[in-house]
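Q: I would like to go through this structure with you, one topic at a time. Could you take my questions as they come?

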Amino acid sequence: MTTRIPPLPNLSPKPKNETLALIHGIYAGLLVFTTIVFGYLEYQQSTISVMSLGFILLLLALMIYLNIQASLKVKQGNRGGRTLSRIMAILMLLSFPVGTVLGVIALWKASARQWQQ
């Protein structure tokens, strides 16, 4: 008599919207690299005021944080992640040429036909 052993259940469900999450992760990485290069060049030349430097670094840190949050939330497939992803994708469009390409792909992957809930 042979006993049939059922297959193991999938203990870790596959995350949703992987491509969109990857796009936000790549863009956050590009922003980190940009921040490091900008900080180094500004340290070498000191061309702008400390107040302006602080504002720019704060803005870049906010953009990095929001892209990381978008990357994490779109994997869950909830509405808040989709909305944040769309907002960040629109802001990506302004970063010509790489950000524009990533923004277009992100908007396409956040569309109703591509979104995985």
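**Helix packing and backbone exceptions**

Q: Before the details, what kind of model is this?
A: It is a predicted model.

Q: Let us begin with helix 1. Which of its residues are buried?
A: The buried residues of helix 1 are Leu20, Ala21, Ile23, His24, Tyr27, Ala28, Leu31, Thr35 and Glu42.

Q: And what covers them?
A: The cover includes helix 2 (50–74), helix 3 (79–92) and helix 4 (98–109).

Q: How many residues does helix 1 have, and how far does it reach?
A: Helix 1 has 28 residues, and the distance from its first C-alpha to its last is 41 Å. That is close to the 40 Å expected at 1.5 Å a residue.

Q: Now histidine 24. Is it buried or exposed?
A: Histidine 24 counts as buried, because its relative accessibility is 0%. Its place is in helix 1, which runs over residues 18–45.

Q: Which side chain does its own side chain meet in a polar contact?
A: That of asparagine 67, at 3.0 Å.

Q: Which residues is it in contact with, sequence neighbours aside?
A: Leaving aside neighbours within four places in sequence, histidine 24 is in contact with Asn67, Ala70, Ser71, Ser85, Met88, Ala89 and Met92. Of helix 3, the buried residues include Ser85, Met88, Ala89 and Met92.

Q: What else is buried in helix 3?
A: The list also includes Gly81, Arg82 and Leu84. Seen down the axis of helix 3, the buried residues fall within an arc of 165°, so they line one face of the helix.

Q: What do they pack against, then?
A: The buried residues of helix 3 pack against helix 1, helix 2 and helix 4.

Q: Which exposed residues does the face turned away carry?
A: Arg79 and Ile90 are the exposed residues on the face of helix 3 turned away from its buried side.

Q: Why does the span of helix 3 agree with its residue count?
A: Its 14 residues should span 20 Å at 1.5 Å a residue, and the end C-alpha atoms are 20 Å apart, so the two agree.

Q: Turning to the largest nonpolar core, which members touch the most others?
A: Leu20, Tyr27 and Leu31 do, in a core of 18 residues. Helix 1, helix 2, helix 3 and helix 4 each supply at least two residues of this core.

Q: What does leucine 20 touch?
A: Not counting residues up to four places away in sequence, leucine 20 touches Val74, Ser85, Ala106, Lys109, Ala110 and Trp115.

Q: A change of topic: which backbone features deserve a second look?
A: As background, most residues other than glycine have a negative phi, and most peptide bonds are trans. Here, asparagine 17 has a positive phi of about 50° although it is not a glycine, and serine 46 likewise has a positive phi of about 50°.

Q: Where are asparagine 17 and serine 46 found?
A: Asparagine 17 is in the segment before helix 1. Serine 46 lies in the loop between helix 1 and helix 2, just after helix 1.

Q: Buried or exposed, for asparagine 17 and for serine 46?
A: Asparagine 17 is buried, with a relative accessible area of 6%, whereas serine 46 is exposed, with a relative accessible area of 56%.

Q: And which peptide bond is cis?
A: The bond from phenylalanine 96 to proline 97 is cis, with omega near 0°. Proline 97 is found in the loop between helix 3 and helix 4.

Technical notes:
Residues are numbered from 1 along each chain as its sequence is written. This is a predicted model: local features need pLDDT of at least 70, side-chain atom pairs count only at pLDDT 80 or more; totals for chains, interfaces and linings use all residues. Side-chain values use heavy atoms; hydrogens and water are left out. Helices (H or I, at least four residues) and strands (E, at least two) are DSSP runs, numbered from the N terminus. Buried means under 20% relative accessible area, exposed over 50%, partly exposed in between (1.4 Å probe, protein chains only). A polar contact is a pair of N or O atoms within 3.5 Å; within protein, one must be able to donate a hydrogen and the other to accept it, and residues adjacent in sequence count only if both atoms are side-chain atoms. Contact means heavy atoms within 4.5 Å. The expected span of a helix is 1.5 Å times one less than its number of residues. The arc is that of the directions from the helix axis to the C-beta atoms. A nonpolar core is a set of buried Ala, Val, Leu, Ile, Met, Phe, Trp, Tyr and Cys residues joined through side-chain atoms within 4.5 Å.
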